[in-house]
Amino acid sequence: MSISENIKSLKNNLPAQVTLVAVSKTKPILDLEEAYKTGQRIFGENKIQEMTQKWEQLPKDIQWHMIGHVQTNKVKYMAPYVDTIHAVDSFKLLKEINKQALKNNRIINCFLQLKIAKEESKFGLTKQDLIAILKDEVLVSLQNIKITGLMGMASFADNKDQIRSEFLLLKETFDELKKEETLNLKLNTLSMGMSGDYPLAIECGSTMVRVGSAIFGERNYV
Ligand SMILES: *Cc1c(COP(=O)(O)O)cnc(C)c1O
């Protein structure tokens, strides 16, 4: 199937409350253009340089989502245009995003990444550290960021029960923290689910899925 057919059939199967992020990392501009022509406006990338090159070349009504791990010293390169950063995992990073957003006179949406997978290599915050960020009294002074969601990645496992329990842990944390609301904190998006596990993620309450290979095909890393 073609990229546009993949997007159409995916969208037909997504519940109305679920937003699709088309994960286009490693894929050429032509592929993104095909997705764009199908109506897709939200794209996810995980490398700042690649995302910036694509932003420069593509229509400006695209919402760019940074879905990968972000180093503090790289924030300045995407601050002029990035819509949402999915994998915020420290207060230091949040402060840097605020600083660079302020310089650009923008507000950048941030999702906090909760570590839900059992595997050691995954980035993300423990629930305790995540709550500590939300309770930090300095947070409310960061006027150029908005914490609008939580994000998580389940284990790369075949065990559906394990993946489900990881998603449910994230959903439970989301529901618990959704009640907290301040000037720059209002959780309305739960970013979980990828090509291999998005139906399960949706069953568990996801409102934003990040789908790459099921749209664009397998990635070749060279
Ligand atoms: C690559 C990536 C995805 C998409 O993965 P697919 O399995 O190709 O759908 C989703 N989320 C993150 C954080 C990624 O890095």
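A disulfide is a pair of cysteine sulfur atoms within 2.5 Å. The model is a predicted one, where local features need pLDDT of at least 70, side-chain atom pairs count only at pLDDT 80 or more, and totals for chains, interfaces and linings use all residues. Residues are numbered from 1 along each chain as its sequence is written, and side-chain values use heavy atoms, with hydrogens and water left out.

**Exercise 1. Cysteines**

Find how many disulfides the structure holds, and state whether Cys110 and Cys204 are buried or exposed.

*Solution.* Start with the count: the structure holds zero disulfides. Next, take the accessibility classes: buried means under 20% relative accessible area, exposed over 50%, and partly exposed in between (1.4 Å probe, protein chains only). Cys110 has 0% relative accessibility, so it is buried. Cys204 is buried too, because its relative accessible area is 5%.

**Exercise 2. Overall fold**

Work out whether the radius of gyration of the protein chain agrees or disagrees with that of a compact globule.

*Solution.* First, the rule: the radius is taken over C-alpha atoms, and the globule value is 2.2 Å times the number of residues to the power 0.38. For 222 residues this comes out near 17 Å, and the protein chain has 17 Å, so the two agree. Finally, 51% of the 222 residues are buried.

**Exercise 3. Two loop residues**

Locate Thr26 and Asn105, and describe the phi of each.

*Solution.* Helices (H or I, at least four residues) and strands (E, at least two) are DSSP runs, numbered from the N terminus. Thr26 sits in the loop between β1 (19–23) and α2 (29–37). Its phi is near 70°, positive although Thr26 is not glycine. With 32% relative accessibility, Thr26 is therefore partly exposed. Asn105 belongs to the loop between α5 (91–103) and β5 (108–113). Phi of Asn105 is near 55°, again positive in a residue other than glycine. Asn105 is exposed because its relative accessibility is 68%. For context, most residues other than glycine have a negative phi.

**Exercise 4. Contacts**

Find what share of the contacts with a separation of 6 or more joins residues 24 or more positions apart.

*Solution.* Contact means heavy atoms within 4.5 Å. Within the protein chain, residues 24 or more positions apart account for 59% of the contacts with a separation of 6 or more.
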